[in-house]
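Morning, everyone. Please look at the screen, and we'll start.

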Amino acid sequence: MKIAVCPGSFDPPTNGHIDIIGRCAQRFESVIVAVVSNPGKSPLFSLDERLSLLRDSLSEHDNVDFVSFSGLLVEIAAERDVDIVIKGLRAGADFDYELQMAQMNAHVGSMETLFMPTSPRWGFVSSSLVKEVARLGGSVVDLVPLAVASALEEKLA
Ligand code: PNS
């Protein structure tokens with residue numbers, strides 16, 4: 001397997017996301033980070049902002065590419081000759097939802113998914129909790145890349 005896709009909302013990217021993508025970059029020839037546009041979810045960061053934060057946070061990897069998509073994941077994966085979808089798994093709570101998505105992607109696009117366990121140090125980190133803590137004035141500097149911490153501070157000021 002050569003090409004992996006790491007899909008997500010990344011609103012905003014966390015150290016957990018960066019860890020998973022970085023570990024994929026060491027194991028696959030190339031990695032595509034696919035950012036969903038999900039306008040229905042009214043993300044805090046625009047699509048362009050999320051792409052830019054991801055590019056900035058993953059600049060050390062020259063085999064990582066970035067795309068946005070608004071349709072089916074399996075469609076963008078087929079366009080890019082993706083071999084495998086990689087999803088990070090934190091605790092059991094992630095599993096049911098991720099399993100359902102993996103089985104749906106296999107059904108609609110014959111696309112296989114591999115689950116990669118999140119590093120224990122980031123197991124409690126999620127984009128939603130990071131936003132909640134930041135909104136309520138807590139520090140998230142240890143949980144997200146520097147550029148994201150600054151962007152959150154600016155956005156929530
Ligand atoms: O970071 P998230 O919000 O958990 O990422 C979810 C994402 C973007 C991976 C998922 O919503 C997705 O794949 N959306 C694309 C639409 C799609 O293909 N749906 C059908 C298969 S689940």
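This is a predicted model: local features need pLDDT of at least 70, side-chain atom pairs count only at pLDDT 80 or more; totals for chains, interfaces and linings use all residues.

Ligand first. Which residues come nearest to the ligand? There are 13 residues around the ligand, and G8, S9, L72, L73 and N105 come nearest. Two of those make contacts I'd like you to find. Start with S9. A polar atom in the S9 side chain sits 2.5 Å from a ligand oxygen. Now go to L73. Here the backbone does the work of reaching the ligand: one of the N or O atoms in the L73 backbone is 2.8 Å from a ligand oxygen. How much of the ligand does the protein bury? On its own, the ligand exposes 540 Å². The protein buries 74% of that.

Next, where does this shell come from? Strand 1, residues 3-8, gives at least two residues, and so does helix 4, residues 92-109. Helix 4 has the largest share, with three residues.

Several elements give two or more residues to its lining: strand 1, helix 1 (15-27), strand 4 (84-89), helix 4 and helix 5 (127-135). How many residues line the largest pocket? The lining has 42 residues. Nearest the pocket centre are P7, G8, S9, Y97 and E98. Helix 4 gives the largest share of the lining, seven residues. Sort the lining by class and you get 19 nonpolar, 16 polar and seven charged residues.

Last part: the backbone. Keep a general rule in mind. Most peptide bonds are trans, and most residues other than glycine have a negative phi. Now find P12, in the loop between strand 1 and helix 1. What kind of peptide bond joins D11 and P12? The bond is cis, with omega about 0°.

Then move along to S42. This residue lies in the loop between strand 2 (30-36) and helix 2 (47-57). S42 is not a glycine, yet its phi is positive, about 40°.

Technical notes:
Residues are numbered from 1 along each chain as its sequence is written. Side-chain values use heavy atoms; hydrogens and water are left out. A residue is near a molecule or strand if one of its heavy atoms lies within 4 Å of it. A polar contact is a pair of N or O atoms within 3.5 Å; within protein, one must be able to donate a hydrogen and the other to accept it, and residues adjacent in sequence count only if both atoms are side-chain atoms. Accessible areas come from the Shrake-Rupley method with a 1.4 Å probe; for residues, only the protein chains shown count as cover. Helices (H or I, at least four residues) and strands (E, at least two) are DSSP runs, numbered from the N terminus. On a 1 Å grid over the protein atoms alone, a cavity is a set of points where a 1.4 Å probe fits but cannot get out, and a pocket is an open set with protein on both sides within 12 Å along at least five of seven lines; lining residues have an atom within 4 Å of a point. Ala, Val, Leu, Ile, Met, Phe, Trp, Tyr, Cys and Pro count as nonpolar, Asp, Glu, Lys and Arg as charged, and the others, Gly among them, as polar.
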